[in-house]
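Here are my notes on this model.

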Amino acid sequence: MANLLTAVRLALSIPVTLGFAYSEFLSGWVVLLLILIACLTDFLDGKVARAKNTASARGQLFDHSTDFIFVTSGLAGCAFSGLINPYLPVLILIAFSQYVIDSYYLYKQKELRMSFLGRWNGILYFGPLLFLAFSAIKLGKDFEEFMGLAGSIFAWILTGSTLLSIIDRGLAPLRDSEKND
């Protein structure tokens with residue numbers, strides 16, 4: 001059941017990306033609804049896995065990979081249409097790759113090794129998508145402009161925090177080796 005919820009979010013990544021990249025593809029209301037469904041499935045999948053005692057490292061990898069695909073592709077659609085800077089999706093790709101590589105290969109763990117900043121970035125990456133979806137629902141020019149600006153600014157803030165997360169994760173092995181000396 002938990003993996004089904006995660007798979008729903010994965011399937012939603014395509015229409016959400018296309019909805020942002022091509023505004024005529026889906027109405028703003030549909031894009032917003034799809035993002036809200038994705039947020040709900042992200043909230044519930046872990047809870048369901050723990051409640052049914054089916055939580056696993058593979059399930060966590062599926063969940064985090066799906067979150068990565070959903071937000072990165074959605075933000076790439078936003079960047080394609082000029083709604084946000086083009087750097088954020090690229091930095092998320094680098095950060096997620098670093099997360100997986102150092103968890104499994106550098107630290108040789110059997111599950112993902114989260115960092116404080118990386119975890120919060122992962123949650124907050126949904127924010128620009130929500131702001132920009134709200135900006136597309138046609139509730140008045142001032143509302144649209146405010147939400148669009150908020151989404152763009154939030155994307156810039158996340159660009160900075162993602163860069164910091166990449167640097168922090170890159171320095172973590174040095175800190176760890178100092179502790180062991």
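At what angle do helix 5 and helix 6 pack, and how far apart are their axes?

1. Helix 5 (residues 116-124) packs on helix 6 (residues 126-135) at about 20 degrees, with the axes 5 Å apart. The pair is therefore roughly parallel (an angle under 35 degrees). Axes are lines fitted to C-alpha atoms over the stretch in contact, and angles run from 0 to 180 degrees between N-to-C directions. Helices are DSSP runs of H or I, at least four residues, numbered from the N terminus.

2. Gly-122, Ile-123 and Leu-124 of helix 5 meet Phe-126, Gly-127 and Pro-128 of helix 6. Contact means heavy atoms within 4.5 Å. Four of these residues are nonpolar, two polar and none charged.

3. The model is predicted; local features need pLDDT of at least 70, side-chain atom pairs need 80 or more, and totals for chains, interfaces and linings use all residues. Numbering starts from 1 along each chain as its sequence is written, and side-chain values use heavy atoms, without hydrogens and water.

4. The largest pocket has a volume of about 1200 Å³. A pocket is an open set of points on a 1 Å grid where a 1.4 Å probe fits, with protein on both sides within 12 Å along at least five of seven lines; lining residues have an atom within 4 Å of a point. Of its 43 lining residues, Asp-42, Asp-63, His-64, Asp-67 and Met-114 are the closest to the centre. The lining has 20 nonpolar, 14 polar and nine charged residues.

5. The second largest pocket has a volume of about 280 Å³. Helix 6 gives the largest share of its lining, three residues.

Conventions
Helices (H or I, at least four residues) and strands (E, at least two) are DSSP runs, numbered from the N terminus. Angles under 35 degrees count as roughly parallel, over 145 as roughly antiparallel, 65 to 115 as roughly perpendicular and the rest as oblique. Ala, Val, Leu, Ile, Met, Phe, Trp, Tyr, Cys and Pro count as nonpolar, Asp, Glu, Lys and Arg as charged, and the others, Gly among them, as polar. Grid points are joined across faces, edges and corners, and a volume is the space filled by probe spheres set on the points.
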